[in-house]
Amino acid sequence: MHWKIKAAIQNVIALLPDAVSYEAYYWIQRHFGALRRVNPVSRLLAGIETCQRIQKHGRSPAGKVFLEVGTGRAPLVPLAYWLMGAERTITIDLNPYLKEELVGDHLRYICENEAEIAALFGPLLNGKRFEEVLTYARGPKRPVTEFLDLCRITYIAPGDAANTRLPDESIDFHTSYTVFEHIPPAALEKILREGNRITKGSGLFVHYIDYSDHFSHSDKGISAINFLQYSDRAWARYAGNRYMYANRLRHDDFLSLFESVGQRVLGADPVTDQNVQNILATGKLKLDDRFRVKSKDVLAMTAAWIVTEKKG
C-alpha cells in the first residue's frame, strides 16, 4: 500500500472516539496488515538480545525486576525476560493495545514450534519455566490475566511511564524495543528522569530505537529516510496521529538526550543502511533544514541499541 494512502486511513481512524478507534485499527491490522500472520520470534529475540546486552555489561537478568516501556499487542518481551529468569516485569503502555486472542495465537505458535523457540534462547532458557508455559498453552482456554500471573507480568494500560508511582530504586532494568521513536522529546525526557528515580544504582537502561521511516516497512517504494525531507509541520499532517507519530530524532539526538538527564552511555550500536548511504551520496533526496545540518554518517543510521546507566 502506498504510504500516503496508509497515512490517510490512519488519520481518519485516529479521529474516532478512543474505544472505536482502537477496535477499528486492530480490525484493519488483523485482516489486512501485519497481524494477519502471528509469529512471536522477533519479539522474543528482542527480549533475548536485551538480556544479552545486560550480561555483556556485567549484570544478570536472573531474579531481577524489569520495566518495559510500550507493551504492544502481546507481552512477548516480558515473556522472554521471565523465561530467562527474571523475577518479574512491569510493562506500561500509553495505549491499551494488548489483545487476548493474539496472546493465544502466539502461545499456540510456541507450542507448535517448541524446538525452534527453545533454540532461540539456548543456554539462557529456564527449562522449568518453559515447560510451565507449554503446559499452560496446551490447557483449556483461560483469561489472559492467568498467563500474566504465571509469568509475573504486571500490565498497566493506559499508563504513564513518566509517572509510574513505583517506589524509588525498585527496578533493575529499564527497557524498550522500537518505542522511543514514537514518543515526543519532552515526554521522553520525563520518562528517562522517572527511570532514574525508580532504577537502582546498579541498574541499566537498555533501549532499541528504530530511526527509520516506518512507512518504508510496508511501502518498498520509499527509503528509510523518506520522512527526512519534510518539515515538522508538513510531516505532522501525514503522521501526527496516535498510530504513526514519530519524533524523527536521530542517533546523535538520542545520545544527547540520555546524557542530558544524567545518564552515562555504556554502549551504542547503530545500524547503518547502505541504500540510505547511496541516496545521501547522490543528493537526490532534498532534506529538510532540520536534518540538512547533520552528517551523512548520522543520517544513514536507521536503528540502534543504546545502553546507559545513571551517573553517580
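**View 1. Pro-167 and its contacts with Arg-197 and Ile-198.** In this predicted model, Pro-167 touches Arg-197 and Ile-198, leaving aside residues up to four places away in sequence; contact means heavy atoms within 4.5 Å. Along the chain, Pro-167 and Arg-197 are 30 residues apart, and their C-alpha atoms are separated by 8.3 Å. You will find Pro-167 in the loop between β3 (153-156) and β4 (171-177). Pro-167 counts as exposed because its relative accessibility is 52% (exposed is over 50%, buried under 20%, partly exposed in between, with a 1.4 Å probe and protein chains only).

**View 2. Helices α3 and α6 side by side.** The axes of α3 (residues 41-56) and α6 (residues 114-121) come within 10 Å and cross at roughly 25°, which means that α3 is roughly parallel to α6 (angles under 35 degrees count as such). Here Val-41, Leu-44, Leu-45 and Ile-48 of α3 meet Glu-116, Ile-117, Leu-120 and Phe-121 of α6. By class, this contact has seven nonpolar, no polar and one charged residues.

**View 3. Strand β2 and its partner β1.** Strand β1 (residues 65-69) runs parallel to β2, and five bridges join them; strands pair if DSSP finds at least two bridges between them. Val-65 stands opposite Arg-88 in β2. Four of the five residues of β2 (residues 88-92) are buried, so this strand is largely enclosed by the rest of the structure.

**Notes.** Residues are numbered from 1 along each chain as its sequence is written, and side-chain values use heavy atoms, leaving out hydrogens and water. Local features need pLDDT of at least 70 and side-chain atom pairs count only at pLDDT 80 or more, while totals for chains, interfaces and linings use all residues.

Terms used:
Axes are lines fitted to C-alpha atoms, for helices over the stretch in contact, and angles run from 0 to 180 degrees between N-to-C directions. Helices (H or I, at least four residues) and strands (E, at least two) are DSSP runs, numbered from the N terminus. Angles under 35 degrees count as roughly parallel, over 145 as roughly antiparallel, 65 to 115 as roughly perpendicular and the rest as oblique. Ala, Val, Leu, Ile, Met, Phe, Trp, Tyr, Cys and Pro count as nonpolar, Asp, Glu, Lys and Arg as charged, and the others, Gly among them, as polar.
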